[in-house]
Amino acid sequence: QVQLVESGGGLVQPGGSLRLSCAASGSIFSIYDMGWYRQAPGKQREVVAGITSGGSTNYAVSVKGRFTISRDNAKNTVYLQMNSLRPEDTAVYYCNAKIRRATSLRWDDYWGQGTQVTVSS
């Protein structure tokens, strides 16, 4: 069994910062890509940022220059540092990882349970 557990969400004023964490645990052989998505009320889930196992990153245009994704491979953890937050960043944030379990030859997608980020004065 593999689990992704997120933490770090909350309420912040516009212009503030938050750091999200997502730790993968369980019977893991290897983790390939990891990333963050978000879903605002009434909208579709959208990609925010991604990072490969080698550390290459990509960002949605709306967050580039404000958000930074990173990972600690030794801890099977991905982070999202969010600066200069705006009200339009309000959403539930989900982490995603492509993982090969110790007992499988397949790479499967796993999702965290989501963490609420609210940007409001």
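Read along the sequence, the pattern is β-β-β-β-β-β-β-β-β-β-β. The radius of gyration is 14 Å, close to the 14 Å that the globule rule gives for 121 residues, so the chain is as compact as a globular protein of that length. That radius is taken over C-alpha atoms, and the globule rule is 2.2 Å times the number of residues to the power 0.38.

The model is predicted: local features need pLDDT of at least 70, side-chain atom pairs count only at pLDDT 80 or more, and totals for chains, interfaces and linings use all residues. Residues are numbered from 1 along each chain as its sequence is written, and side-chain values use heavy atoms, with hydrogens and water left out.

**The whole chain**

Next, display the surface. The accessible area comes to about 6500 Å², of which 47% belongs to carbon and sulfur atoms; it is computed by the Shrake-Rupley method with a 1.4 Å probe, and for residues only the protein chains shown count as cover. Of the 121 residues, 40% count as buried (buried means under 20% relative accessible area, exposed over 50%, partly exposed in between; 1.4 Å probe, protein chains only). Among contacts with a separation of 6 or more, 56% join residues 24 or more positions apart, a contact being heavy atoms within 4.5 Å.

**The charged side chains**

The mean positions of the 13 positive and 8 negative charges are 2 Å apart, with each charge placed at NZ of Lys, CZ of Arg, CG of Asp or CD of Glu. Side chains of opposite charge can pair when their charged atoms come close. The count of salt bridges comes to 5, each defined as a side-chain nitrogen of Lys or Arg within 4 Å of a carboxyl oxygen of Asp or Glu.

Select Arg38, Glu46, Arg66 and Asp89, which are linked in a network of salt bridges. Arg38 is buried at 6% relative accessibility. Its bridge to Glu46 has the closest N and O atoms 2.7 Å apart, and Glu46 is partly exposed at 37%. Arg38 also meets Asp89 in a salt bridge of 3.0 Å, N to O. This pair links distant parts of the chain: Arg38 lies in strand E4 (residues 28-39) and Asp89 in the loop between strand E8 (77-82) and strand E9 (91-101), 51 residues apart. Asp89 is buried, with a relative accessible area of 1%.

Move to Asp108 and Arg106, whose side chains form a salt bridge of 3.0 Å, N to O. Asp108 is buried at 16%, whereas Arg106 is exposed at 52%.

**Glu6**

Finally, select Glu6 in strand E1 (residues 2-7). Is this residue buried or exposed? At 5% relative accessibility, Glu6 counts as buried. Not counting residues up to four places away in sequence, Glu6 touches residues including Cys22, Trp36, Tyr94, Cys95 and Gln113. For a distance label, pick the C-alpha atoms of Glu6 and Tyr79: they are separated by 9.4 Å, and the two residues are 73 apart along the chain.

Notes
Helix = DSSP H or I, 4+ residues; strand = E, 2+ residues; numbered from the N terminus. Lys, Arg positive; Asp, Glu negative; His and termini not counted.
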